[in-house]
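Hello,

As promised, I am handing over the structure for you to look through. My notes on what turned up follow just below it.

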Amino acid sequence: MLAIAGCSTPEKKARELISAMTIEEKASLMIHPSQPVGDIPAYNWWNEALHGVGRNGKATVFPMPIAMAASFDEPLVLDVFTAVSDEARVKHRQAIENGMSGWYQGLTFWTPNINIFRDPRWGRGMETYGEDPYLTGRLGTAVVRGLQGPSDAPVLKLHACAKHFAVHSGPEWSRHTYNAEVSERDLRETYLPAFKDLVTKADVQEVMIAYNRFRGVPCGASDYLINKVLRGEWGYKGIVLSDCGAISDFFREGAHGYAKDRAEATAMAIHAGTDLNCGGSYDAIPEAVASGQLSEADVDRSLVRLLAARMRLGELERDNSPWTHLKDDIVEGPEHLALSRKMAQESFVLLQNREGLLPLQSGQRVALVGPNADDKEMQWGNYNGIPEFTVTLREALSERIPGLKCLPGCGLVTPACDKDALLAELKDFDVVVFAGGISPRLEGEEMDVDLPGFRGGDRTDIELPQVQRELLQILHNAGKKVVLVNFSGSAMGLVPETESCDAILQAWYPGEEGGTALADVLMGDVSPSGKLPVTFYADVEQLPDFENYDMKGHTYRYFTGKPLYPFGYGLSYTTFEYGEACVKGRTLCVPVTNVGDVDAAEVVQLYVRLPADADGPLKSLRGFKRVDIPAGQTVNVEFVLDDETFLSWSDAAQDMVPVKGEWELMYGGNSENLKKIIYSGTSRAK
């Protein structure tokens, strides 16, 4: 293989290699299934690790990212993706040993998805870390660090990829034609901060451009996004790649109509700095160069980045990895399964618990009903691996409750049984745990789904499917105590369920250990501690137009109505009381007391508002800490008040900058029930 010893940099070696190549050879290295050229082996850039190594057989399947976001546990997210990158290195070594270099076998992983989940109808929102830029940036940074490994390692462990750049969060049905027009303020205040964090703080190695146009220009050809902002203002040196087929959208009939043909589209993208094409459009590089539409210098600039990146991964010198010692049996091994279980436990959000129905008590007669009670694939989400050991809720509760009665009751969207017969089956049971919600078979990326409430992977409303809603009401009317365990990747409108159900637990798509983790919480072994990373609205009437990307009316930061459950909300099996905070120097100290009799974790949240900014957000998350608090104890939680705490929009700078002035510091256990102090940039608070 290629030796770079003696060369000053990988870039210098890359230029030497390129100098001897034909334009056709160069082009073959700039498409995601890169072809072998001389001593350079074939390499497929496309790999996935959204919540575990994806699409490559056996792997540990962790909860979906939206579920991980509900944990508000940055160190645990780092641990999860360190485990994912360990499994990825094992699977890459196995592929090399077997002489393979195909799809989903490389070291370049196209995750995380850090788009802002601005509207619950978007089917891919479950792939994100929620609706808040600060939370997304913090957790996305942890993902990148876990995947890419130690910065002082001789080679990078993996590549992570920040996607989709920029201003994309549905709908799926229009992403190949849509033109996103947003104000500079919304762009800089909401849509770009997480990308900036991953570039400037986590040194992410790849950025994937989105399908849509931005201000009339396809994102992959946007000089403003790629050169002015990403490479210019943020100093990004890494790879920019297209989403799959996105370059063909430049010219494809029925798409953007921005270029006349493949060669022109290719020239536009490479000239703007899109280095790698997922797809086949860059086959036209020789034609674009021959016709004068594209300079070979632009091609070389991108190819140097690609080859240097492969060298820094050790991919061209395959014996130069510090991770060759990792054993095959770590893949879906006991440590990683325990990690998946812990993450699932922390992700569940208790939304309602009337009269303390949960946790379930010994002696209660409990039945399990619902279409998601025994569905392994639902738990896996999307972009997933194929685990060997998935535990469903039925399996887990059956181990805890001898003779558990388990009935489907209904399908996700269609009836499946006679309701009179169902009630007869349940006549001797006091409590019904109803495993309902929706499924990744109904929501996701550009899907062929056309059912009431669903369209092409997205949703047209956010209600629980009618058949489930009716069945829950029937169970309630029959005098049953009902626990709704709602599986979904997005917020649900559960207004009637707040009446028909005594307890509601949001379970997301919880991964292969989800059933066991749910049983842990339902039975009281673990107190629920998740917090909503998205607003749960009452219904679609509270939402702006889906294709309107202006932030007004979207997310807790700009929504002026009354949500069903606010961002940051989540109950526990205990009660926490917040004392009066104080500022000491540049630190906010918040006393939090567990006044119940259950040891539990609380996510303490800090929000800020600049009253002088009349057009600004109602509040913005600027700090969170997950803390374990024993029963009867008080913990003092500290937040450092630095420049980033006080970032606000500046018309003069046309960007977010630290702003001096009188700020409101708001703190508590969710975004609505907050205490407040005034901070003016000094050590005094009032």
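Two bridges pair strand 6 (residues 213-214) with strand 7, in the antiparallel sense. Within that pairing, Phe214 sits opposite Val217 of strand 7. Please keep in mind throughout that this is a predicted model.

If you want a place to look, Gln605 has Phe624 in strand 21 as its bridge partner. Why can strand 21 be called largely enclosed by the rest of the structure? Strand 21 covers residues 620-629, and eight of its 10 residues are buried, so the rest of the structure largely encloses it.

**The cysteines**

How many disulfides does a search of the whole structure find? The answer is one. The disulfide is formed by Cys244 and Cys278, whose sulfur atoms are 2.1 Å apart. As a reminder, a disulfide is a covalent bond between the sulfur atoms of two cysteines. The torsion about the S-S bond of Cys244 and Cys278 is about 85°, so this disulfide is right-handed. Cys244 belongs to the loop between strand 8 (239-242) and helix 9 (262-272), while Cys278 belongs to the loop between helix 9 and helix 10 (285-290); the pair therefore ties together parts that are 34 residues apart in sequence. Cys278 has a relative accessible area of 1%, so it is buried.

Cys161 takes part in no disulfide, and the nearest cysteine sulfur, which belongs to Cys244, is 9.9 Å away. Cys161 is buried, with 0% relative accessibility. Cys501 is also in no disulfide; for Cys501 the nearest cysteine sulfur is that of Cys410, 12 Å away. Is Cys501 buried or exposed? Cys501 counts as buried, because its relative accessibility is 0%.

With a relative accessible area of 15%, Arg231 is under the 20% cut-off, so it counts as buried. A polar atom of the Arg231 side chain lies 2.9 Å from the backbone oxygen of Gly238. Leaving out residues up to four places away in sequence, Arg231 touches several residues, including Tyr236, Ile239, Val240, Asp275 and Arg305. Between Arg231 and His32 there are 22 Å in space, C-alpha to C-alpha, and the two are 199 residues apart in sequence.

Glu189 is part of helix 6 (residues 184-191). Glu189 is buried too, with a relative accessible area of 6%. Which side chain is joined to that of Glu189 by a polar contact of 2.5 Å? The partner is the side chain of Tyr558. Tyr558 is also one of the residues in contact with Glu189 once neighbours within four places in sequence are left aside; among the others are Pro133, Arg557, Trp649 and Met656.

Happy browsing, and do write back with any questions.

Best wishes

Key:
Residues are numbered from 1 along each chain as its sequence is written. This is a predicted model: local features need pLDDT of at least 70, side-chain atom pairs count only at pLDDT 80 or more; totals for chains, interfaces and linings use all residues. Side-chain values use heavy atoms; hydrogens and water are left out. A disulfide is a pair of cysteine sulfur atoms within 2.5 Å. Helices (H or I, at least four residues) and strands (E, at least two) are DSSP runs, numbered from the N terminus. Buried means under 20% relative accessible area, exposed over 50%, partly exposed in between (1.4 Å probe, protein chains only). Two strands pair if DSSP finds at least two bridges between them. Contact means heavy atoms within 4.5 Å. A polar contact is a pair of N or O atoms within 3.5 Å; within protein, one must be able to donate a hydrogen and the other to accept it, and residues adjacent in sequence count only if both atoms are side-chain atoms.
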